Every structure is written in C-alpha cells, then in structure tokens.
Amino acid sequence: MTTSTFTRTGLRPFRLPAGNALFLTSIVMVGIMVAAAAAASIIAPYDPDFVDLGNVLSDPTAAHWLGTDAAGRDTLSRMMFGARTSLLGPLLVVGLSTLLGIALGLLAGWFGGWIDSVLGRVFDLLFAFPALLLAILAVALFGKGLTAPVIAMIIAYTPYVARFVRSLVISERARPYVAAYRVQGFSGGWIAVRRVLPNVMPTVGAQSTLNFGYVLADLAALSFLGLGVQPPTADWGSMINDSRGALLSGQALPALVPAIAVVLVVIAVNVIGEELSDRIGGRLPS
Amino acid sequence: MTLLEISELTIDLAGGSASRLLDGMSLRVEAGETVGLVGESGSGKSLTARTVLGLLPAGARTGGSVLLDGTDMLRCSPGEALARRRGTVSMVFQDPRSGVNPVRRIGDFLTESLRLCHGWSRPDADKRALDLLRSVGLPRPESHLSQFPHELSGGMLQRVMIAGALTTSPRLLVCDEPTSALDVTTQAEIIAVLRQQQETRGMGMLFITHDLNLASALCDRVYVIHAGLIVEHGNARAVFANPQAEYTKRLIAATPSITSAVARPVLADANGPNPLDARVDAPDPRTPALEARGLTKTYSIRGAEDLRAVDDVSFSVEGGAALALVGESGSGKSTLARMLVGLERPDAGDILVDGVSRSKRPGGREERLGRARAVQIVFQDPYLSLDPRISAGSAIEDALRLHSPSRHADARARVLTLLDQVGLAAKHAQARPRTLSGGQRQRVAIARALAASPEVLVLDEATSALDVSVQAQVLDLIDEIRHERGLTLVFVSHDLAVVRRVCETTAVMRQGAVVESGATAELLEHPRHAYTRLLIDSIPKPGWSLDAIAR
C-alpha cells in the first residue's frame, strides 16, 4: 500500500538532529562503544585473556594504554571485548521485552475487559519482584552465565513496556480517527495493528531506549556479584569485581575504567532517550 | 481622555516582514461604549486583545501605540502594566474551563486578586465576591464560593469568570470570544449579563468575536479585522446593513441566517422525484432511505442516576432528502448520530437503511462492509478525525480499496477524482493532515466518507469548527455532492441558521427526545414548541431583545 507518491513515515523524530551538542555527543559515544565491540577482534591490541604475570597492575604505558589488571591482562583489550557482552545483554533484553510488551500492551489496551483485567493482575504480580531478585532466582534455577539473567530481565521489564503501551493505546483508541476507521468498515485487528500501533511506536521506542540504560546497569551489577558472565570472559561488571583487590593495593585503574564506561553509556543512553521523548512529545498533538 | 486608543499598531514576530501579525491597526474605545472587533481565525483579533493587557508573544517587535487611559501599554514598565491590569482593565477568556484554576475553589479564584494585590481582608473580599456572584445571576452564591470549577456547568463557570474580571471594578473589560464555547441559549444569558454589567458600571467593553450577528446585536460600533488590518469600522447596524469593504461583504454573505430563504433548490420535495437526482437505481419510494424506530440509549453512571441520552426517537428520511437534528449540548444528538453509524448500539429500537436493519453488531466482514456502505459519517473536528500519520491520498485510498479491491493505479486515479470532487488538487494527496487547513481537512474527511459510496451521510457538527467563510464553502460542497450523488443526509447541528441552509426537514431534540419536527422553514417561522421558540429567540440578530431571554 505504500508507494513513493503516497509516503507515510513515522520516523521523523529518529532522524539525526542538528544543534543539540549533548545529544550528538551521546550518539557519538554510544556509536564508538558499539564500533569497538563489533571490531574488537581486529582492533584490540592484545588477546583479552592473555595473562602476563610479569607485568601486573601496570600504570598506563605506551604498550598498555589503560594499564593492566591483577593478572597482567591488557585493560583496553578487555574493555573492548567486555563491551560485547555488556552491550549485547541489554540489547537482547530491551529488544525482546519491547516486542513482548507491545504485544501484551496492545492486547490489554485495545480489547480491555477481562483480557485487560487478567493481564493487569499478572503484571501487578511481576511488579512485586525487583528485577535483580528475579534474575538471581533465575541464576539459582538455571545456572550462571548470560542467558538466565537475560531471560529474567526480559520477564521483569516486559510488564513496564506493556503497561506503558496499554496506556498509550487506550488514549489513542478514544480518538475520533479510530472511530472514523471503524465506520469505514476496517476490522478492529487491522486498526489496532496497522494504524494505532505505528502511531504509538515512536513513543514506545523512546521509552525503550531509556530502559537500555537501566538494564545495562542491572546486568553489570549481576556480573559484579559473580552471577552473570563467568570468568575468564571479559565483561565490565565482572572486571570491576575482579579488580576489587587491586583497589585495596592502590591501583584504581582496572576497576575505574569499566565503572566509568558503565556510567558513560547509561548517561548517554538516557540523554538519547530523553531527547527522543521530548521530540515525540512535542510532535504529537495534545 | 479616550479610554483605549490603539493607533497604527504593528506586531512582527522575530524573523522579518514575513511574520507580520498586525499591520498598522487602529481602534478606539470610549468610556461606557461597547466596541466589537470581528474577524476570522488568524486575523489577529485575539492578539489585539492581549496587547491591550500588555501580554505580548515572546520575541514580538511592536510599533505604534496602545494608550490605555493615557498609559502606553507597549512602552510602559512591567510594573505599570501590572498596575493597569490590577485596576483599569480586565479580560474574560473564551474557554472558562481553562481560564479558571481547576484545583482552587470558586471563592479563592474570585478573592485572590483583592486579597493579594489590594490587601483586602478575607471577610471583606468574600462579601465582595458574594455581591458579584449575585450580580452575574448565579443561583446560590453562598455555596458556589466553596465549590470547585468542575461542579459548575460551562455557562455558570463563564459567569464566574466574568465576576472574577469585575472584582477590581475595571474601567475597560476585554472579552475574547466569551460565548463561543457555549450553547446558544447560554450565550444569550451570558450576553445579557455582560450588557447589564456594562451599563450599570459604565464600563468600556471591547468585545472580540467571529460572529457578525452577535457583534451587531451587542455593540455600538464595530471594527472588522482581516489579516492584521482593520478593513472597515463604523456604527454596528450600519456596517452590517450596508457593508462597504469587500471583505465585510463576503463575510456577511457567508454567514448563514435563519431568516434568509433556502438558497438552493430542494432535492426531494413533496412534488415527486427531483430531476436533479442522478441516482440510476432509485430505491422504491415507499422504503425510506433511513428509518429510526424507537431508538433508546441509556448510560449508567456510577453513583448517579442512569442517564437516558436518547429516549424513544423515531424518524424516517426519504432517499435524497436531508434531515437536521438540532439541539444543544446534552440533547443526545451526537449519541444518536453515533448510533446511526454503528459506533454505539441502541438499547432498544432499530435502524433501517434501505429497509435493512443495521442496529446489530455486524457478524462478519461482509456485514461490516455492508454497514459501512450504508452509512458514513463526517465528524466535527477534522483535526482529530484524520490519522495524523496518514496522508490525505492514502486515507482515501485505504477506504476505496477496502470496499472495492483494485490495483493501486486504479485506486489512485479514483482518489484523484474524489479529491477533485471535494475541491482539492492532486498535490494534496501527499499532504499530511497537519499541513492542511481546517477547511481542507474537512474536505478530506468528506472525500474519505464518500469513498465507500454510502447511501446515507451523517454530518456530526461537520462545519461548526470552521470559520464562517470556510463553513460556507464546505456547505456549498455538501450541497453539490448531495445533488450529484443523490445522497441522503442527516445533519446534526446546534446551529439553526446552518440547518436552514442545508436541510428541508428538521427535528429539534432536547434531553434525548425529539420535541418538535417538521419542514425547516415552517418550523423556524412558526415554532410550536416553547423550546424551539427559545432556541430561535436566543440567536443573536440586529435589534435583538435581550430582555426576552433574560426573562
């Protein structure tokens, strides 16, 4: 139905902007992190797991730009490889929880009635468990690694997305343009999926961007607790954990670098999410 | 000294001559005089009103002068402007719901400026507020003081806002469309209150409106503003009886009136089939195109009595005829319209289109499409009834292809034909709703409704959100399409003058029931029901006797 002459685009707010330095910086920063993760095997100066006991806890040098950790592994290389697991986890969680949340939220918001009541009670139940607690439970049941916490996080975050989508769909459903589609004879399913959903998508997308930051911090915390990604695989959270001992012996760098990376990505993603929300908020008629 | 003297006022938004909002307008209000400022949306009339109070848009550059009792509101210090707003000038806004703080009590709203700006004690201020509430004709002033805005109706709240504007005994009252959001009978009451207050206090009043009839009924002198410029001014009666400027003439011609004759030939009159009816397969004349039998709809409201929105309404409309459903807000006319198109299910009664019952929930795709081809609707507000993401062409194309599956190229050609029929060009096919004007949007909505080739078209206040000149164009369009297609119309409206122009039969609704129905001209000239008479008397016109309405 879409052709070049009858264009319909809903992605205007996601176009690259001009003028907002903080927003641009954030996008560039996230871009660099993603690029480093993607190209880690090519550009990383060392094998991230190469142990050099003759050169432990070194300060930054020409050979090791960010120094080495307690096992003599190159911090920069571990940061690059660690970005893979640290970013992939949240990406999976956000992607899948958004998909699930949209489906459930649309169901609850569009049909209302008993479907809405049942889903609403299930969400209430899930809200009662903190995401981290749920993840720890999953690890206890299914073992350590990336999979169990990611699945637990998806379950924990889906209700948030679903509740948000539901509220958007309910307010959209009451608009006269939806009544107009009904009178024209379109089926309820078509209106919900083809017309209402695309109209709420930009707002949902912006909210999910914000979720990325929260999930990243949560997963890093799990790794820090030793419940997430297991050694020797590099991960920002577990890198901080590994370097606690180095902190005591006066070398802060191996713990500080991944900690700063987590903080920077969370802030950058929040800035991007806020900006997108603002733009979409300003675009939609009240 | 002249109370208000605006001379050669210009306002530009930062950005140069392209964004000139007011272009050298001059206006004068003497003490005790009522002056009307009449114009359509975007003419700069509200901007002028705000300038008088020293409320300018951010970044505006001004020229000329606005002398209020000798103080130039454009050049004076913010403190002086504030002093003027506290003592000399007050304003009544259009929408009382957004003009009164919803979380404060009426008493707080009325007394805060006296207590905070003029240092009155609470009891004194309350006493003053009571006097004011009494003088604007509110029924229970004592209890209103402790009520919240949501407990009052729109008309009552507008009286509160007027009382609020009068607390500081201003010498000039600026009213910006104070009755546009209200029913016609409520409007008459509010106007009576305003005029009475203006006379007893000897205030000057600057009355801003889009309604020529209202301005001529209320004002001593009027100014007609168009595109930031005064195009005509003079004695109110004289301007409307004998307009000089081209724009004023057009505006008066576009304003529907209940006294003017029906301009167009009536399609289906009593003298048999009309030759203009182009429909080939004309239905059996004994089967009405649309018939409603005992329609009833009741809403249950928690903690309140059930609301009978529509109460046993029956009517029938011949093929090609036009029926008007007239009533004020709460009369059930919109609920009735929504039942006709299937957006609400009646609790009792039946709807027949061409003899086929259409009141049940459609059973499947075929029934759903059949119902859509039976009745279509054009909603009141084209800003809300079009999907913001979908271009005009796509909206029409989707409806077309739903009802007659066809290749994209064919559908597209028919989209352009439909656009052409509603007076839009091919370039509008790509346009999204937000880039179109109100009139253009309503044309798109009409084209979209026509895409299903319905038997009956319901127009739910379809022109009441539009300016008079745009309304006239859209009414012409509706007339034209009706004649071309032999459409049966149900025209839901609060405006008797518009109804007179479009429909040959009219049913007057009140509290869910039809109180009177008949041929429109007959009904307007010889109303039998007291409510119909009240509606007609409430319509502003030159030489309007407000005493009759203010009982």
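**Exercise 1. The interface**

How many residues of chain B are in contact with chain A, and how many residues of chain A do they meet?

*Solution.* The model is a predicted one. In it, 34 residues of chain B touch 25 residues of chain A. The area buried between the two chains is about 2,600 Å², and carbon and sulfur atoms give 57% of that area.

Consider next the charged pairs. Between chain B and chain A there is 1 salt bridge. It joins the side chains of Arg195(A) and Asp398(B), with N and O 2.4 Å apart.

**Exercise 2. The nonpolar cores**

Which residues touch the most other members of the largest nonpolar core?

*Solution.* Step 1: the largest core has 51 residues, and those that touch the most other members are Val378(B), Ile396(B), Ile446(B), Leu459(B), Phe491(B) and Leu496(B). Helix H17 (residues 438-450) of chain B provides the largest share of this core, 6 residues.

Step 1: look at the surroundings of one of these residues. Leaving aside residues up to four places away in sequence, Phe491(B) touches a set of residues including Leu323(B), Ala324(B), Leu325(B), Leu459(B), Val498(B) and Cys503(B).

Step 2: turn to the other core. A second, separate core has 47 residues, among them Cys175(B), Ile190(B), Ile191(B) and Leu218(B).

**Exercise 3. Salt bridges**

*Solution.* Step 1: the count over all chains is 31 salt bridges.

Step 1: follow Arg104(B). The side chain of Arg104(B) meets that of Asp108(B) in a salt bridge (3.6 Å, N to O), and Arg104(B) also forms a salt bridge with Glu112(B) (3.6 Å, N to O). Buried means under 20% relative accessible area. Asp108(B), at 14% relative accessibility, therefore counts as buried. Arg104(B), at 32%, counts as partly exposed, and Glu112(B), at 28%, is partly exposed.

Step 2: follow Asp476(B). Asp476(B) forms a salt bridge with Arg501(B), in which the closest N and O atoms are 2.6 Å apart. Because Asp476(B) lies in helix H18 (residues 468-485) and Arg501(B) in helix H19 (residues 496-502) of chain B, the pair ties together parts that are 25 residues apart in sequence. Asp476(B) is partly exposed at 28% relative accessibility, and Arg501(B) is partly exposed at 21%.

Step 3: turn to chain A. Asp49(A), Asp69(A), Arg73(A), Arg78(A) and Asp242(A) are linked in a network of salt bridges.

**Exercise 4. An enclosed helix and a buried aspartate**

*Solution.* The buried residues are Lys45(B), Leu47(B), Thr48(B), Ala49(B), Thr51(B) and Val52(B). After H1(B) comes Gly54(B), whose phi is positive, near 75 degrees.

Step 1: Asp12(B) is part of strand E1 (residues 4-13) of chain B. With a relative accessible area of 6%, Asp12(B) is buried. Its side chain makes a polar contact with the side chain of Arg20(B) (2.9 Å).

**Exercise 5. The make-up of chain A**

How many helices and how many strands does chain A have?

*Solution.* Chain A has 11 helices and 0 strands. Its C-alpha atoms fill a box of roughly 80 × 45 × 30 Å along the principal axes. Of the 286 residues in chain A, 48% are buried. Among its contacts between residues at least 6 apart in sequence, 72% join residues at least 24 apart.

Notes. Residues are numbered from 1 along each chain as its sequence is written. Chains are lettered from A and ligands numbered from 1 in the order in which they are written. This is a predicted model: local features need pLDDT of at least 70, side-chain atom pairs count only at pLDDT 80 or more; totals for chains, interfaces and linings use all residues. Side-chain values use heavy atoms; hydrogens and water are left out. Contact means heavy atoms within 4.5 Å. Buried area is the accessible area (1.4 Å probe) that two parts lose on being put together, summed over both. A salt bridge is a side-chain nitrogen of Lys or Arg within 4 Å of a carboxyl oxygen of Asp or Glu. A nonpolar core is a set of buried Ala, Val, Leu, Ile, Met, Phe, Trp, Tyr and Cys residues joined through side-chain atoms within 4.5 Å. Buried means under 20% relative accessible area, exposed over 50%, partly exposed in between (1.4 Å probe, protein chains only). Helices (H or I, at least four residues) and strands (E, at least two) are DSSP runs, numbered from the N terminus. A polar contact is a pair of N or O atoms within 3.5 Å; within protein, one must be able to donate a hydrogen and the other to accept it, and residues adjacent in sequence count only if both atoms are side-chain atoms.
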